[in-house]
Amino acid sequence: MPTMEEALLEIIAALKASDSEPSQQWLDKLLRRHNRAAHDGRRTVAKRRLLPFYLKAKASDPERWRAWAVDEATEERLVRLLRAKPRRTASGVATITVLTKPHPCSSACTYCPNDVRMPKSYLADEPACQRAERNFFDPYLQVMARLSALQAMGHGTDKVELIVLGGTWSDYDPAYQAWFVAELFRALNEAGSPGMGSAAVAQAVAEREGRYVQAGIACEREARAAEAAPLQHAVDAGALTYNQAVAQAYGEGGWKAVVAWQRATLAEVEAQHRANEQAAHRCVGLVVETRPDLVAPEALALMRRLGCTKVQMGIQSLDDAVLARNGRGIGCATVARAFRCLRAYGFKVHVHFMVNLMGATPATDRADYARLASEAPFQPDEVKLYPCVLVGSSRLMAAHQAGEWAPYATDELTAVLADDVRATPAFTRISRMIRDISAHDIVAGNKRTNLRQAVEERLTAEGAAVHEIRHREIATSAVEPGQLRLDEVAYVTVGTAERFLQWVTAEGRIAGFLRLSLPERSLEQQALQPTAPNEAMIREVHVYGIAARLGHSGEGAQHQGLGRQLVERACAIAAAEGYGAVNVISAVGTREYYRRLGFQDAGLYQRRPLPGAG
Ligand code: SF4
């Protein structure tokens, strides 16, 4: 009978015997050989189990691990070889997605799912939703669970981007917002902290779970589904709205009891922030999602105090007739105001945009997206571009049954999306092309999980030039800094002149970028922005490569001075344009980095005065 240990020892011996990196094919062949030795057809040695096996032995059986004699360099190569889903940290950071608890939304969009087990617009079968439900929607438990899973897959977790999903962030009580963020940071600070061993962390997790259990809250899928079934039935039958059902389910009993301690002050958040500046798992980005009508200076100032760096905003369309037909309750002018306000506060703007909404046609969809991508009031930094699909619990069901909405044919959909990609400029990233909705929840519409691949194949066959960022990312490839050129793209939005600085290879692949906003000095703009009129704003600095351990050289473009050079170039541009200082919307875990680059803490941002400024 072959064992994991035998296979692992053979891999370790091969790594020690040669400086060249073994290929995945070599690994597959080795595993097949070990499994054949079982003679019973069972795959006892699976790649995905090897790394967890290794890490577990190292943590819980040190004597056995020492006998394997794995030095630090060999361990790094072993992790690289056995890492599962390397693309997951290819953008340079480990991403952790968490969900807030179910909560009413003041809109009622036609296509939006109404799953009473989830925050509005999410479905219990989506992977992040399943994790959230298993963890009582508790931020601390969700982060702890995700950190262990990522580590077991061999991913570095010293740089973490936290993505908070769930309806509309600014609809939640500010005290809950503060608690949620404080607990996210507490988990990052306590996991891997020298003062808190793994036993103490396990105990903290168990105590936290115990509080929910004591309050009578279930976390098992079957139990939650059974509990929610009567209310879900009432919503599906139109007897209750989602908001009414959620108010009943979460405004009473155990959920009402936990509200008493799901609150924190901003001082508590700031204490966790300070600890995170030196923590083993640093937050390098915090993203929340909201609606355009809730984007206002006070809400954005609060987001900044909580440490947010990026805002996801559902806009779906810029066509007022389509927005009205789909019950959005928001028009294009509100969307334009929200964009301006977000940029004035320095946020990265990540929007959700849909094709095939009720009332749209392929032609109007193309024109609508072209406006989003190119007109001055809009021009997002990132887009989740996806087709409308029909899920059973949404109000779109009735429209579909009445023949008022139908999904585009496969080829038509691919053609629209391909044209949208073609229209996307070099400074915009299309982050996704489908929602994570499982096929069995989709009554009508796209079920292909590889939709993006189909779109890209079409573009390749047509010989189209693709400029959007994700298509050009160097991802997991190594990069020679000497082969990179610093390219600058200038564009104008309402309220700012933008400079997108990008490190590119000769083929146009992108290794890093920076977004610099140069605000207008108009009275209107000054009234909107939280910084002085003669101050520029760095809205984002991103360098690609496998997430490198802080202070290590890394495998890709990170830590080769590319970020620092981007910042220096941005400061030089701002100085040449007559600005007296540059602010940066830094994440809590990057404050130290910016201090080293000459930035000082200055309220909601960090600021660096420019030469010649009075
Ligand atoms: S605003 Fe968002 S969450 Fe609320 S109903 Fe519309 S799509 Fe759903």
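User: What makes a residue buried or exposed?

Analyst: A residue is buried if 20 or more other C-beta atoms lie within 10 Å of its own, and exposed if 12 or fewer do. Keep in mind that this is a predicted model. Take Asp173: 12 other C-beta atoms lie within 10 Å, so Asp173 is exposed.

User: Where is Asp173 placed?

Analyst: Look in the loop between strand E2 (159-165) and H8. Asp173 is also 90 residues from Arg263 in sequence, while their C-alpha atoms are 8.9 Å apart in space.

User: Now the inside, please. What is in the largest nonpolar core?

Analyst: Here is the general idea. In soluble globular proteins, nonpolar side chains tend to be buried together. In this model, the largest nonpolar core has 157 residues, and Leu342, Ala570 and Val582 have the most contacts inside it. Helix H8 (residues 174-190) gives this core its largest share, nine residues. As for Leu342, its contacts beyond four places in sequence are Val295, Leu300, Val311, Phe347 and Val349.

User: How should I read a helix such as H17, and which of its residues are buried?

Analyst: Start with the turn. An α-helix has 3.6 residues a turn, so residues three or four places apart point the same way. In H17, the buried residues are Asp365, Asp368, Tyr369, Leu372 and Ala373. They fall within an arc of 130° seen down the axis, so they line one face of the helix. Strand E5 (348-355) and helix H19 (410-422) are among the elements covering them.

User: Which residues are around the ligand?

Analyst: They include Cys105, Lys120 and Arg291. The shell divides into four nonpolar, four polar and two charged residues.

Conventions: Residues numbered from 1 in each chain as written. Predicted model: local features only at pLDDT ≥ 70, side-chain atom pairs only at ≥ 80, totals over all residues. Near = placed C-beta within 6 Å. Nonpolar A, V, L, I, M, F, W, Y, C, P; charged D, E, K, R; others polar. Core = buried A, V, L, I, M, F, W, Y, C linked by C-beta atoms within 7 Å. Helix = DSSP H or I, 4+ residues; strand = E, 2+ residues; numbered from the N terminus. Contact = placed C-beta atoms within 7 Å. Arc of directions from axis to C-beta.
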